[in-house]
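Thanks for coming. I will go through one structure this morning, starting with a charged residue and ending with the cores. Please have a look at it first.

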Amino acid sequence: MSKRLEAKITCPSCGSNFDFTLYRTIWGEYPENRELVMSDKINVATCPSCNKQTKLEFPFMYTNANKQFAVWWEPEFDAQIGKDSEGYVQMMGPGNYLAAAPRIKDWNEFKQTIIKFENGELKAKPAVISKEMNDQMQGFLKHLQNQNKKKNSGCLGLFVLMLGFGASILYGISKFFS
């Protein structure tokens, strides 16, 4: 899922403060997300006081898991990108497309890089999940399934109890009127 962050924005035109949700990552395999980027509408805030629109120069990663590529837009150096990339190395090994995503400063070059990946002109190394990460993910999924079974079995037990209670009330009512 695309990652979003809440921020307080100060309008450069009128000075009003307002809340805004910024994208830190966006999943480009979804056409509406791709359109936000290609139409220059991502991370564009509209001031509720003066209606002035401002493109916020906030770094974010565009990913496309279907085509296995990612690209960072980094208008100013962001040390967190290096930390995020290191996390991707730990999860999926060195050189995978998330860890090795190019960092692009120029907005138009960023969009052109996305198009080159989409057209196959550029290739990224596919993500390979390590055995230990796969085992951890499988264990987590099994844990969720077990939790769900426990919840469902409680629901079934409650349903059976209510069904029995309802049947005994109906039986009592039928005896009363017979």
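**Salt bridges and cores**

Let me start with Lys111, which counts as buried at 11% relative accessibility. Buried here means under 20% relative accessible area, exposed means over 50%, and partly exposed is in between, with a 1.4 Å probe and protein chains only.

Before going on, some ground rules. This is a predicted model, so local features need pLDDT of at least 70 and side-chain atom pairs count only at pLDDT 80 or more, while totals for chains, interfaces and linings use all residues. Residues are numbered from 1 along each chain as its sequence is written, and side-chain values use heavy atoms, with hydrogens and water left out.

What does Lys111 pair with? Lys111 forms a salt bridge with Asp40, and their closest N and O atoms are 2.7 Å apart. A salt bridge is a side-chain nitrogen of Lys or Arg within 4 Å of a carboxyl oxygen of Asp or Glu. Lys111 is in helix H3 and Asp40 in the loop between H1 and strand E4 (44-46), so this pair links distant parts of the chain, 71 residues apart. Helices (H or I, at least four residues) and strands (E, at least two) are DSSP runs, numbered from the N terminus. Asp40 is partly exposed, at 34%.

By this rule there are 6 salt bridges. Another one joins Arg34 to Glu118, with the closest N and O atoms 2.7 Å apart. Arg34 is in helix H1 and Glu118 in helix H3, so the pair ties together parts 84 residues apart in sequence. Arg34 is partly exposed, at 26%, whereas Glu118 is buried, at 17%.

Arg24 also forms a salt bridge, with Asp84, at 3.7 Å between the closest N and O atoms. Arg24, Asp78 and Asp84 are linked in a network of such bridges. Arg24 is buried, with a relative accessible area of 6%.

Now the cores. A nonpolar core is a set of buried Ala, Val, Leu, Ile, Met, Phe, Trp, Tyr and Cys residues joined through side-chain atoms within 4.5 Å. Which members of the largest core touch the most others? Of its 15 residues, they are Val37, Phe60, Phe110 and Ile114. Helix H1 (31-38), strand E6 (60-64), strand E7 (69-73) and helix H3 (107-119) each supply at least two residues of this core. The largest share, 4 residues, comes from H3. Apart from this core lies another, of 10 residues, including Ile81 and Met92.
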